[in-house]
Amino acid sequence: MKHPFEAKSSCLEIINGGNAMSHACSKYDPESISRFADSAVSSEEYKEMKRHMETCAPCRKLAGEYRAISISLKSALYRETDSLAEGFALDGVLSRIEREKRRRPAGLFGAYGPKKILLQAVSIAVIIVVGAGIYLGKPSVIPGPSAIVNYVEGDASSVMIFETMEEQHTVIWYTET
Amino acid sequence: MTGLRKLLILMLLLSPLPAAGAKVAEAKVLTDVRVIHASAKSDHIDPALRGLGRKLTSIFRYTSYRQIKQKKMRLEYRQTGAVSLPGRRILEITPVDLAGGRIKYRIRITKGGSPAFRTEIMLKKGSSITIGGPEFKDGVLLFNIFGTIQK
């Protein structure tokens, strides 16, 4: 039976009966290749695996696929987190207020009378409320795929979990026994 | 910063929190389950699918998508909703938590009374997931699950 996702799917992870698909290299398993692709190995291991990749086409291919997945996930995350940067402007304003206050001599109310202290508190409150309004008023953008799968189990001969590139729509495909 | 100023700011920042906790408990989870028959026997997209039909054609190689059933449920947390499916199957879905803007769902599909498939997902509010695979009438069944929060 022709595979329903051929040439149309992306970010594909195939699990066959709970085990990773067999890899045509006896030296390195897919998990090791994945760590290599994420540079999550020691520098000696990285050099050794890189040398191995020069002569092993299956490992080289698999590493390329893992890197492609990482790049697409990261670029989606960066697009979403850019919108959060503006919220940090409020921290800069509050830091400046603090530095100004430290310059003034200390007293019962920090050299201010009760009216001035109230004015300062109200000013700070307005800054927080306006800042929160600007930050929260934007539609909340939650990065990542439409669904994160915590686990799958059952009487299935195979399970595939993937996410489409453009809309990050999550699909779980299982084959009944 | 003096104690008075700290106290004022702390009061302003903490004031929404008790209300937020109560709101999560009161919220209902709107869950929309659509059961779709996909096949390559003909070339037809059910108008009832609307935008979902276009999404499915971009993911799968099937040429025909027909909506068999749609069930919209307003579930409380830990309340299970059930959808009967073709082929003596039943899909049970339970929202169990809300965290980081995602609804945690537990989904169970049985066939002939026996468990066939179980999963737990964290679904982005206002998004959907598609679960598919079971064979049915020269095609397959797809289950599109949409979830959002109604306050």
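1. Accessible areas here come from the Shrake-Rupley method with a 1.4 Å probe, and for residues only the protein chains shown count as cover. On that basis chain B exposes about 7600 Å², of which carbon and sulfur atoms supply 54%. This is a predicted model, in which local features need pLDDT of at least 70 and side-chain atom pairs count only at pLDDT 80 or more, whereas totals for chains, interfaces and linings use all residues. Residues are numbered from 1 along each chain as its sequence is written, chains are lettered from A and ligands numbered from 1 in the order in which they are written, and side-chain values use heavy atoms, with hydrogens and water left out.

2. Chain B contains 3 helices and 9 strands, where helices (H or I, at least four residues) and strands (E, at least two) are DSSP runs numbered from the N terminus. Read from the N terminus on, the elements of chain B follow the order α-α-β-β-α-β-β-β-β-β-β-β. Of the 151 residues in chain B, 48% are buried; buried means under 20% relative accessible area, exposed means over 50%, and partly exposed lies in between (1.4 Å probe, protein chains only). Taking a contact as heavy atoms within 4.5 Å, one finds that 45% of the contacts in chain B between residues at least 6 apart in sequence join residues at least 24 apart.

3. An open sheet is formed by 5 strands in the order 3(A)-7(B)-6(B)-5(B)-4(B), with antiparallel pairing; two strands pair if DSSP finds at least two bridges between them. Its edge strands are strand 3 (147-154) of chain A and strand 4 of chain B, each of which pairs on one side only. From one strand to the next, the twist averages 20 degrees, the axes being lines fitted to C-alpha atoms (for helices over the stretch in contact) and the angles running from 0 to 180 degrees between N-to-C directions.

4. Strand 7 of chain B deserves a separate look, and 8 of its 11 residues are buried. Strand 6 (residues 102-111) of chain B is joined to strand 7 (residues 114-124) of chain B by 10 bridges, and the two run antiparallel; within strand 7 of chain B, Ile121(B) stands opposite Tyr105(B). The hairpin of these two strands has 2 residues between them, and Gly112(B) takes a positive phi near 60 degrees there. Strand 3 of chain A is likewise antiparallel to strand 7 of chain B, with 7 bridges joining the two, and Thr119(B) is the bridge partner of Val152(A).

5. Over all chains the count comes to 11 salt bridges, a salt bridge being a side-chain nitrogen of Lys or Arg within 4 Å of a carboxyl oxygen of Asp or Glu. One of them links Arg118(B) with Glu153(A), whose closest N and O atoms are 2.0 Å apart; because Arg118(B) lies in strand 7 of chain B and Glu153(A) in strand 3 of chain A, this pair joins two chains. Both residues are partly exposed, Arg118(B) at 35% relative accessibility and Glu153(A) at 37%.

6. Lys55(B) and Glu167(A) also form a salt bridge, with closest N and O atoms 3.4 Å apart. This pair crosses between chains, from helix 3 of chain B, where Lys55(B) lies, to Glu167(A) in the loop between strand 4 (156-163) and strand 5 (170-176) of chain A.

7. In the salt bridge of Glu176(A) with Arg89(B), the closest N and O atoms are 2.9 Å apart, and the pair joins two chains because Glu176(A) lies in strand 5 of chain A and Arg89(B) in strand 5 (residues 89-99) of chain B. Glu176(A) counts as buried at 18% relative accessibility, and Arg89(B) counts as buried at 3%. A network of salt bridges links Glu176(A), Arg89(B) and Lys111(B).

8. Arg50(B) has a positive phi near 50 degrees; it sits in the loop between strand 2 (44-45) and helix 3 (51-59) of chain B and is exposed, at 66% relative accessibility. Arg78(B), also not a glycine, has a positive phi of about 75 degrees, lies in the loop between strand 3 (64-75) and strand 4 (81-85) of chain B, and is exposed with a relative accessible area of 59%.
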